[in-house]
Amino acid sequence: VWRVLGAADEARRDYDAALALCRQIGSRLLEGHALLGLASVQRELARYAEASDLCEQAVDLFRELELTDGLADALGSLGALLDEAGRPEEARQTLAEALQVQDARTFTADVALRRCRLAAVGGLGAEDALAAYEAARPTAGFLQRMSMLHLLWRTSGEVRCLDQAWTLLRKLRADAPAPWRAAMVECVRMHRDIKADYERAHASV
C-alpha cells in the first residue's frame, strides 16, 4: 500500500522489517517475496543497481527452492526493472525466461502482464499482448489492468488503451487518502508516466 501511495520510506521500512522477520523464522519462501518488495521500492527510487541485486537474490533463492511461481515472479520483476533502466535486450531475455518457467499459455493476470511487458520491449507482437490482456482482464487486479493498458499503449500507440489507463489512475487517486493523492502520482513511476503520456497524447486535441 505504501508503495502505491508513493511513500517510499514507509514501504522500505516495512519491507526491511518483513525481510528481517522472515530470516529470523527461517521462511525462505517469504524471504524471497520480501526481497522482491524491497526491490520494487528501490526501483521506484531509480536505484537500479540495488534493485537488480535484490531481484537476483530472489531469483537465486527461488531457483534453489525449485519454486516455479516464485521464480517467474522474480524474473518478471527483474525484466520490468531492466526495461525501466533502459536495457531492452536484457529485459526481453529475462521476460522470455519468466514466461518459459511458467505455463505462458495460461493467461493469468501475472502471465498477461509479462507478455505485455515483453511486447513493450519488442519481444512479442502487439496483437498477442492484447489477446493476453483481454483473456486475463476479468480476473486481473486494478493495478495489473492499469499497468497492462499502459504497456499496450507503449506497444501499439492505441490511444484508447492510454485513455483507459488514465481513467483507472484517476479512480485510484480519487479513492486514496487525501494527503497522499499528489504524492501517488508524482512519486510512483507508472502513475507519473501515465499522466505524462496522457497529457502529451491529448495536448493538441
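Gln42 lies in helix α2, where helices are DSSP runs (H or I, at least four residues) numbered from the N terminus. In this predicted model, local features need a pLDDT of at least 70 and side-chain atom pairs count only at pLDDT 80 or more, whereas totals for chains, interfaces and linings use all residues. Residues are numbered from 1 along each chain as its sequence is written, and side-chain values use heavy atoms, with hydrogens and water left out.

With a relative accessible area of 13%, Gln42 is buried (buried means under 20% relative accessible area, exposed over 50% and partly exposed in between, with a 1.4 Å probe and protein chains only). Leaving aside residues up to four places away in sequence, Gln42 touches Arg12, Arg47, Glu50, Ala51 and Leu54, a contact being heavy atoms within 4.5 Å.

The protein chain averages a pLDDT (the predictor's confidence in each residue, from 0 to 100) of 90, and 93% of the residues score at least 70. Confidence is highest in helix α3 (residues 48-65), at a mean of 96, and lowest in helix α10 (residues 181-186), at 79.

On the α2 side, the contact is made by His33, Leu36 and Arg43, and on the α4 side by Asp73, Ala74, Ser77, Ala80, Leu81 and Glu84. By class, this contact has 4 nonpolar, 2 polar and 3 charged residues, where Ala, Val, Leu, Ile, Met, Phe, Trp, Tyr, Cys and Pro count as nonpolar, Asp, Glu, Lys and Arg as charged, and the others, Gly among them, as polar.

The loops on either side of α3 are worth a visit too. In the loop between α2 and α3 sits Ala46, whose phi is near 60°, a positive value in a residue other than glycine. Ala46 counts as partly exposed, at 45% relative accessibility. Glu66, in the loop between α3 and α4, likewise has a positive phi, of about 60°, although it is not a glycine. With a relative accessible area of 71%, Glu66 is exposed.

Asp16, in helix α1 (residues 8-25), is partly exposed, with a relative accessible area of 40%. Between Asp16 and Ala34 there are 7.8 Å in space, C-alpha to C-alpha, and they are 18 residues apart in sequence. Asp60 belongs to helix α3 and counts as exposed at 51% relative accessibility. Asp60 and Leu75 are 10 Å apart, C-alpha to C-alpha, at 15 residues apart in sequence. Asp197, found in helix α11 (residues 189-201), counts as buried at 13% relative accessibility. Asp197 and Arg154 are 43 residues apart in sequence, with 9.4 Å from C-alpha to C-alpha. Not counting residues up to four places away in sequence, Asp197 touches His150, Trp153 and Leu162.

How values were computed. Helix = DSSP H or I, 4+ residues; strand = E, 2+ residues; numbered from the N terminus.
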